[in-house]
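Subject: Structure handover

Dear colleague,

Please find the structure below, followed by an account of what was found in it.

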Amino acid sequence: MNVHVVNVIMMLAACGTFLVGFKFLSDNMEKLFGSGLKKLFNKTSDKKWVGVGMGAVSTAVVQSSGVTTVMVVGFVNAGIMSLYQAATVIMGANIGTTITAQLAAFSSFDIAPIFISLLFIGVMMEMLSKSDKIKSIGLALAGLGLVFFGLECMSASMSSYKESKAVLDMLGSMSNPFLLLLFGIVFTALLQSSSAVTTIIIAMAANGLMIGGGGNAVLFIILGSNIGSCVTALISSIGTSVNARRASIIHLLFNITGAVLFTVMLLIWSDSVVKSNFYEVTFMKWFSEPTTQIAMFHTFFNVLCTLLFLPFTKLLVKLSTIIVKDKKQTEKEAWELVYMDKRFLTTPTVALEQLKKETFRMADMAMESVDVAFNGFIDRNMEVIDTINTHSENVAKISEQISDYLVRASASGISLADEKLVSAIHSDVGDIARIAELADNFTKYIKREVKENLVFSEGINEKLAVMHGLLQEQYDMVKKIILENDTSLLVPSDAKEDEIDTMRRELVAEHIARLGAGKCRPENNTIFINLVCNLERIGDHLNFIAHSMDN
């Protein structure tokens, strides 16, 4: 086989190895630090630097600005994050993604073999350890080792060309800044990874293969790759809300404006205009290695753009509203998910946190159905039956959607801790659905109560109201236990459930005593006992939910 064909195949294989390594690194970093990432996105803030920090940290963890931006689009689409907040997080994501170039720059130093050895160490850790956390650490290290192994292979495949005059002449002729900018945009859009493009450029530089023969030329590709990285978010925003599309436009505006400003500066500060060029005067003087020079420019560009545009965040938001016009928004149906968005599945830990919130929106609906049903029974109101039926249908539809997302999240290779959370949410969804069914039982009691004109003993309704009130108190505690992780409420929640159990026994005993004394009509018996038992069973299901995260 022709040597040039072999070298090209080797370079592509090395690039694939590099990307697989980053995939391993990204997935397992997300498993290790997913809980922190989950907490981070729960603390959205209107403070600019907080948003920038969130974007930078989350991107550094998941090793992909595309993943972070897609999550941001999802949060905006769900109405959880404002456009202003999204803009600052996107700026931070652009800074966080530069860590990839910095890692790639290490390949030119003697420490690269040390990092490659992590591939073996990491695999051994994964094979020999029984701890889920140690396995994730091992796979993350193996991923990092694969990254450097890919870089070494890429470098080796290019090394044969550094003495080739034909190749050097060809690369030297690629000096048109606009074509290089376009190349960076298109190449990144095709690979959907600015990290891969930057890494290839750095690997070439490590072997003395400089596009344009030196000067500013290589920097135009880096600027183009920043614009091309917006493609992922733009594709993700298709079919979303107006504000979600605006979030992707803000990402595009930020990257295009920054690239245009730097392009103008590089065109002016070039050999053909001022007899010197930006790259040689700055980064070539500040850093000795070409790989470090390119990586540092990538970081410098994104940090400076953030500093320049952060004061104009509101203007970016305004421009996005002009570009993407308001449309008449159709109001969401009650059964449509509010907190969850399919884009969160790229980061399962965040998706599960959103599903937990969605589960309790479903629980709110089920408990509201209980309230409506109970009050309808007390007031002998047949009109509430349609409302209860509607709630039951909505709860069933939400349950189906949550279960579907849980299956998809579980299939994405999540950690053991997240797998336990999936199991807990599945269990909670089942308990909540059962609560809605118990509320639906009340419709039968209301119909029979009205049809047979049943009248209960004096004071019974008040006692039933107390029992119903205890359920609401228990639910308020359960909600805090799960959503706020307030385990201090477990004991009082259990006590409340015991109180409900005790009240059920007392009410049934009193009812039987009244029947024996002839103070209660026999036809009331079935309805009363079923009603009290249903209230008590709701308390049982709430207790199951409170303890679902224990296992």
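**What was found**

Helix 11 is mostly covered, with 12 of its 12 residues buried, where buried stands for under 20% relative accessible area, exposed for over 50% and partly exposed for what lies in between, computed with a 1.4 Å probe and protein chains only. Among these buried residues are Ala217, Phe220, Leu223, Asn226 and Gly228. From its first C-alpha to its last, helix 11 reaches 17 Å over 12 residues, close to the 16 Å expected at 1.5 Å a residue, the expected span being 1.5 Å times one less than the number of residues.

Before going on, please note that this is a predicted model, in which local features need pLDDT of at least 70 and side-chain atom pairs count only at pLDDT 80 or more, whereas totals for chains, interfaces and linings use all residues. Residues are numbered from 1 along each chain as its sequence is written, and side-chain values use heavy atoms, with hydrogens and water left out.

**Packing of helix 11**

Helix 10 (residues 194-206) packs with helix 11 (residues 217-228) at an angle of about 170°, and their axes are 9 Å apart; the axes are lines fitted to C-alpha atoms, for helices over the stretch in contact, and the angles run from 0 to 180 degrees between N-to-C directions. The two helices, helix 10 and helix 11, are therefore roughly antiparallel to each other, a term that applies to angles over 145 degrees, while angles under 35 count as roughly parallel, 65 to 115 as roughly perpendicular and the rest as oblique. Ser194, Val197, Thr198 and Ile201 of helix 10 make the contact with Val218, Ile221, Ile222 and Ser225 of helix 11, contact meaning heavy atoms within 4.5 Å. The residues of this contact of helix 10 with helix 11 divide into five nonpolar, three polar and no charged; Ala, Val, Leu, Ile, Met, Phe, Trp, Tyr, Cys and Pro count as nonpolar, Asp, Glu, Lys and Arg as charged, and the others, Gly among them, as polar.

**The protein as a whole**

The protein has 24 helices and zero strands, both taken as DSSP runs numbered from the N terminus (helices H or I, at least four residues; strands E, at least two). Of its 551 residues, 51% count as buried, and among contacts between residues at least 6 apart in sequence, 80% join residues at least 24 apart.

**Individual residues**

Phe283 lies in helix 16 (residues 283-286) and is buried, with a relative accessible area of 2%. Not counting residues up to four places away in sequence, Phe283 touches Phe278, Gln293, Met296, Phe297 and Phe300, and the C-alpha atoms of Phe283 and Gln293, 10 residues apart along the chain, are separated by 5.4 Å. Asn543, placed in helix 24 (residues 525-546), is also buried, with a relative accessible area of 15%, and, leaving aside its neighbours within four places in sequence, Asn543 is in contact with Gln474, Asp494 and Glu497.

Most residues other than glycine have a negative phi. Arg380, in the loop between helix 19 (348-379) and helix 20 (384-410), has a positive phi near 55° and counts as partly exposed at 32% relative accessibility. Asn485, in the loop between helix 22 (460-483) and helix 23 (490-516), has a positive phi near 55° and counts as exposed at 60% relative accessibility.

With kind regards
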